[in-house]
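Grab a pencil and keep the 3D view open beside you. Below are a few exercises, each with a worked solution.

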Amino acid sequence: MPPLTSIEKLDLLSLTKVGMEKFVHAQGWKPYRAEQILRWMYQRGVTQVEHMTDLSIQDRTHLGDIATINWPTITDVVQSRDGTAKFLIRLHDGASIETVLIPERDRRTLCISTQVGCSLDCRFCLTAELGLKRNLTAGEIIGQFLCVQEHIEKTNKTPPRLTNVVMMGMGEPLANIGPVRDAIQNMIHGRCGLGLSPRRITVSTAGIHHKFKDIVELGVNLAVSLNASTNEQRNAIMPAANQLCSLPDLLAACRSLALPHRRRLTFEYVLLRGVNDSPQDAVRLAGSIRGIPCMVNVIPFNEIPGSPYTRPDEATILEFQDILIRRNIDTYLRKSKGPDVLGACGQLGASARQML
Ligand code: SAH
């Protein structure tokens, strides 16, 4: 029999703690071995089974014969003037995704992808133009964190840790809920995962409402991309998402969601000039989210080459924000990070597009 290629081997990065315990049991190994293997990968950043030196040589050889660690490869890093860095990452089958590092004063946030391309067709988003190539595995989702952390360690004298994760890169996380959930479990596990607090992880969705509970149950934050103040508007700019769940149904789902004590939803609202940016839109938006424990992230459109949409002027943006604030809604204006390297929201996929 020819030797198995790494693609056919089991990817250890895709197993949760429970999955690893089952795997270890199936090899006839002691249960503690599961945590040993997980700690090697997530706490010591080991990329090869051979380096797990507290396993006997015989066990390492056996493990290496049947399993692998599909560590993604960083093929390019584009540095923005504002400190944001966009990583082009190649997966084991040759597919490419993008991951963005956003350093701020006391935090370093990694914006990670959950699909190659995207299953939705939001008209203002560059990733949508790629279509869906495939879902990422749990290992490929958490692998973005691991390889960027390693890059930071290699390139800094006193390397800082990544502190936050937002699943706002390429793809719709809730259309790939199984791997997203498994990756989050490994991110938040204290003893044998990355040990990130769930409060530091945010999953952003275009509105696949029947999966909201799965995210909230993990204790992580949920962000919902509303982007419109009427159902007609939303149909025009996010047709696929709005077909899955109309704006009224989406708002009802958000209202009835049982959030943990003192937690709130984030609503995202992309401001498109002349489409959804009028004072009436702001008033309608405020009215429709009244009473929901939430905050609103207003995201002025990040320009995409060839897009029919444009960014509103500064005065319109500030007035929109002001109307929400005056109605007692916690509102944040999302500064575009890395627009000069097409690393901002909705700009991911340009490099992948060139490679198709
Ligand atoms: N599919 C998920 C996550 C990826 S998009 C979602 O829709 O939430 C992350 C955020 O970027 C969403 O709020 C989306 O509406 C926003 N976005 C997409 N394209 C944009 C663009 N060109 N300018 C500004 N924000 C954009």
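**Exercise 1.** In which sense do strand 10 and strand 11 pair, and over how many bridges?

*Solution.* Before we start: this is a predicted model, where local features need pLDDT of at least 70, side-chain atom pairs count only at pLDDT 80 or more, and totals for chains, interfaces and linings use all residues. Residues are numbered from 1 along each chain as its sequence is written, and side-chain values use heavy atoms, with hydrogens and water left out.

Step 1: find the two strands, at residues 201–205 (strand 10) and 221–225 (strand 11). Strands are DSSP runs of E with at least two residues, helices are runs of H or I with at least four, and both are numbered from the N terminus.

Step 2: check the pairing, which takes at least two DSSP bridges. Here the two strands run parallel, with four bridges. One spot to look at is Thr 202, which sits opposite Asn 221 of strand 11.

**Exercise 2.** Work out the strand order of the open sheet and find its edges.

*Solution.* Step 1: walk across the ten strands and you get 3-4-5-6-9-10-11-12-13-14, with mixed pairing. Step 2: the edges are strand 3 (73–79) and strand 14 (331–333), as each of these pairs on one side only. Step 3: on average, neighbours in this sheet are turned by 20° against each other, direction ignored. (Axes are lines fitted to C-alpha atoms, for helices over the stretch in contact, and angles run from 0 to 180 degrees between N-to-C directions.)

Step 3: Helix 11 (residues 314–326) touches strand 12 (265–271), strand 13 (294–300) and strand 14, and makes about 165° with the direction of strand 14.

**Exercise 3.** Describe the hairpin that strand 3 forms with strand 4.

*Solution.* Step 1: strand 3 and strand 4 (residues 85–90) pair in the antiparallel sense over six bridges. Step 2: in one of these bridges, Val 78 has Lys 86 of strand 4 as its partner. Step 3: five residues lie between the strands, and Gly 83 in the turn has a positive phi of about 100°.

**Exercise 4.** Which elements supply the lining of the second largest pocket?

*Solution.* Step 1: know your term. On a 1 Å grid over the protein atoms alone, a pocket is an open set of points with protein on both sides within 12 Å along at least five of seven lines, and lining residues have an atom within 4 Å of a point.

Step 1: name the suppliers. Strand 3, strand 4, strand 5 (96–103) and helix 4 (138–155) each give at least two residues, and helix 4 has the largest share, with three.

Step 2: look at the 13 lining residues, of which Gln 79, Leu 101, Ile 152, Thr 155 and Asn 156 lie nearest the centre.

Technical notes
Contact = heavy atoms within 4.5 Å. 1 Å grid on protein atoms, 1.4 Å probe; cavity = no way out; pocket = protein on both sides within 12 Å on 5 of 7 lines; lining within 4 Å.
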